[in-house]
Amino acid sequence: MYRVVALGHWAAGVVDRLRTIGNFDDIRFVYYDTDTECLMSHGNNNDEYILLTSLEQCREAIRKDCEFMTVLVTDLGDRATLKYVADIVYELWGYADYTYCFATAPKLGNTTVIKEEYAKLFRWITDHSLITVLQDRSRLPENLDSYNGIAILLGIVLHHPHKGTSDKRNELPLGVLATEKQLYMAFQAMYSNNPEMQGYYDAATFSFHKSTHEY
């Protein structure tokens, strides 16, 4: 019912880190990669592994199930998997009730063409994701790794809130309970107030983007 799609080697590392900070046994983790060795170096026996060889094969893997919530984690600087990002987020948007994206951005340099291509891709992602969490690697302090901060923020979407009177709060992740505005505020609060996020916050490493989709 709930799925996290880790696209590429870095994204798989984020999921591995996520599992060290919480129990997410009710989440289905799916690893996508173009390299067999990288693909199999993450996760555990309960996970699904898909070696990407074509866009059609990628789409078919997603269409197998209609799920309540899906989360795409990806590195927008990974050239091997970058060509699949737009199609994957589009398919997830169409086959899940709630879709979120967590991404890390490359250091783009001064090449105008690359910046324009990246901006176009990012507009597409935010158009098909309820909230997109973006980590800017050019702002990432050397004393902080690229996995921990985004894993903590990813945990917000996946964890089960226990406050309140609704019975569903012990059954459903926050990502399907909260409104877009509530979840956006939860991200901002975690980012600005949690001591574990202090270094990332001081460096303005993360940004949060609501969906631009026009219904």
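Modeller: A salt bridge, as the term is used here, is a side-chain nitrogen of Lys or Arg within 4 Å of a carboxyl oxygen of Asp or Glu. The model is a predicted one, and it holds seven salt bridges. One of them is formed by the side chains of arginine 28 and glutamate 48, with 2.7 Å from N to O. This pair links distant parts of the chain, since arginine 28 belongs to strand β2 (residues 28-33) and glutamate 48 to strand β3 (residues 48-51), 20 residues apart.

Arginine 28 also forms a salt bridge with glutamate 67, where the closest N and O atoms are 2.8 Å apart. Here the link runs from arginine 28 in strand β2 to glutamate 67 in strand β4 (residues 67-75), the two being 39 residues apart. The partners can be described by their accessibility. Arginine 28 has a relative accessible area of 23% and is therefore partly exposed. Glutamate 67 has 7% relative accessibility, so it counts as buried, the cut-off for buried being under 20%.

A further salt bridge joins arginine 137 to aspartate 75, with the closest N and O atoms 3.5 Å apart. Because arginine 137 lies in the loop between β6 and α6 and aspartate 75 in strand β4, the pair ties together parts that are 62 residues apart in sequence. Arginine 137 is partly exposed, at 25% relative accessibility, whereas aspartate 75 is buried, at 9%. Salt bridges that share partners also join Arg3, Arg28, Glu48 and Glu67 into one network.

Within α8, the residues Leu183, Phe187 and Tyr191 are buried. They cover an arc of only 75° around the axis, and therefore lie on the same side of α8. A general rule applies here: an α-helix has 3.6 residues a turn, so residues three or four places apart point the same way.

The buried residues of α8 pack against β5 (96-105), β6 (131-136), α6 (148-158), α7 (174-177), α9 (198-202) and β7 (206-210). On the face of α8 turned away from its buried side are the exposed residues Lys181 and Asn193.

Methods. Residues are numbered from 1 along each chain as its sequence is written. This is a predicted model: local features need pLDDT of at least 70, side-chain atom pairs count only at pLDDT 80 or more; totals for chains, interfaces and linings use all residues. Side-chain values use heavy atoms; hydrogens and water are left out. Buried means under 20% relative accessible area, exposed over 50%, partly exposed in between (1.4 Å probe, protein chains only). Helices (H or I, at least four residues) and strands (E, at least two) are DSSP runs, numbered from the N terminus. The arc is that of the directions from the helix axis to the C-beta atoms. Contact means heavy atoms within 4.5 Å.
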